[in-house]
Amino acid sequence: MERQKRVLAIHDISGVGKCSLTVALPIVSAAGVECSVLPTAVLSTHTGGFTGFTYRDLTEDISPIITHWQSLHLKFDGIYTGFLGSFEQIQLVGDAFSALADKDTLLVVDPVMADGGKLYTIFDDTFPPAMKGLCSKADVILPNMTEAAFMLGEEYQEGPYTHDYVEGLLHRLVKEIPVQGIVLTGVYFDEKELGAAVYDVGKGNIHYVLGRNIPGSYHGTGDVFGSAFVGAAVSGKDMVSAARIAVDYTVECIAWTKEAGTDIRYGVNFERYLGDYSRKLGL
C-alpha cells in the first residue's frame, strides 16, 4: 500500500474569502495528500474588496512551531508557500526549508506580491529581491507575469504576449533563480485563451498549458491554481500534467462562479468541482 503523503502549506488564513489556506487545505486534501498548515497570519476576511478586516500577525509563532515539528521528526513530501507579509517571514520560511525538508521534499514557492503590473500596496521596491532570494531555494516557482518581471528588475509588459517574449522571460529567470522548474501564470497570446508556460529546466522543454479565458477578475484564482498544481505534483504527476489539471480545474471553478453570480469578493466556487479534480488524479 502506498504511503500517505504530506504537504506543508505556509500561508495566511482568512475566516471568510476563499484564498490562501482556506483554499490550499481542501484542494491538496482532495488530491489524497495530507495538508499540514503553518499560518502566517489570521484575518477576518481577505483584503481584496473588503475594508475593516481584522489582522493578527503570527510571525513570532513560526519558529517555535518549526522547532516542535523538528522534535517530532516529521516528513514532508512537499512544502508550498504563498503570501508572506514581511521580510522576516521570508527569512523564517527559508529557515523552514532548511529545517523540515529533505532531498525528496518538493519545495514550491508562489511569490505572491504583485499583479497587473503593480506591487501590492503593502510592499515597496525592496521586496521583490527578497522574494527572489526565497525562490532560489525552491525546486519549482509559480510567478505570474508581473512577479517574474519584478524579480528580474524589468518593466512589466502588458499582454497579449509573443512566444519569444515569454520564453526569453523564462530563460532570464532561470539564469537569476536556479530552480528545476517554472510555472509562469497569466500567459496569453490572444483574448480567447489564458494559462501557463511550464519550463522543465532539466529537460530544457517549455510547454504551454492554456484554457478558456473567462473575462473578469476573480479573487483567489492563483491560490486555487497553485494548490491544485501542488496536489497533483506531489501525487506523482509531472509538471506539465500537473499544470494541465490545475488550469482545467481553475477554469471550471471560474466558469461556475460566473454562472452562479457569486460576489467575486468571496473568491471562486472551487468546492463544486473538487470531485472532478480528484478523478483527474485517478482517485
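In helix H2 (residues 59–72), the buried residues include Thr59, Ile62, Ile66 and Trp69; here, buried means under 20% relative accessible area, exposed means over 50%, and partly exposed lies in between, all with a 1.4 Å probe and protein chains only. Helices (H or I, at least four residues) and strands (E, at least two) are DSSP runs, numbered from the N terminus. Seen down the axis of H2, its buried residues fall within an arc of 70°, so they line one face of the helix; the arc is that of the directions from the helix axis to the C-beta atoms. The buried residues of H2 pack against strands S1 (6–16), S2 (34–45) and S3 (55–57), and also against helix H3 (87–100).

The model described here is predicted: local features need pLDDT of at least 70 and side-chain atom pairs count only at pLDDT 80 or more, while totals for chains, interfaces and linings use all residues. Residues are numbered from 1 along each chain as its sequence is written, and side-chain values use heavy atoms, with hydrogens and water left out.

Just after H2 comes His73, with a positive phi of about 55°, although His73 is not a glycine. This residue, His73, sits in the loop between H2 and S4 and counts as exposed at 71% relative accessibility. Ser20 is not a glycine either, and has a positive phi of about 50°. Ser20 belongs to helix H1 (residues 20–30) and is buried, with a relative accessible area of 5%.

Strand S4 (residues 78–81) contains Thr81, which is buried with a relative accessible area of 0%. Leaving aside neighbours within four places in sequence, Thr81 is in contact (heavy atoms within 4.5 Å) with Ile10, His11, Val93, Phe97, Val108, Val109, Asp110 and Leu134.

What happens in the nonpolar interior? In soluble globular proteins, nonpolar side chains tend to be buried together. A nonpolar core is a set of buried Ala, Val, Leu, Ile, Met, Phe, Trp, Tyr and Cys residues joined through side-chain atoms within 4.5 Å. The largest nonpolar core has 48 residues, of which Met131, Ile182 and Leu184 touch the most other members. Beyond its neighbours within four places in sequence, Met131 is in contact with Ile90, Val109, Pro111, Val112, Met113 and Met151. Another core, of 44 residues, lies apart from it and has Val23, Val108, Ala232 and Ile245 among its members.

Helices H7 (residues 221–234) and H8 (residues 239–260) pack at an angle of about 140°, with their axes 8 Å apart. Axes are lines fitted to C-alpha atoms, for helices over the stretch in contact, and angles run from 0 to 180 degrees between N-to-C directions. The residues of H7 that meet H8 include Phe225, Ala228 and Phe229, while those on the H8 side include Ala243, Val247 and Ile254. By class, this contact of H7 with H8 has 13 nonpolar, two polar and no charged residues; Ala, Val, Leu, Ile, Met, Phe, Trp, Tyr, Cys and Pro count as nonpolar, Asp, Glu, Lys and Arg as charged, and the others, Gly among them, as polar.

Two loops complete the picture. Asn213, in the loop between strand S11 (205–212) and H7, is partly exposed, with a relative accessible area of 22%. Pro160 has its place in the loop between helix H5 (145–151) and helix H6 (163–176), and the peptide bond from Gly159 to Pro160 is cis, with omega near 0°.
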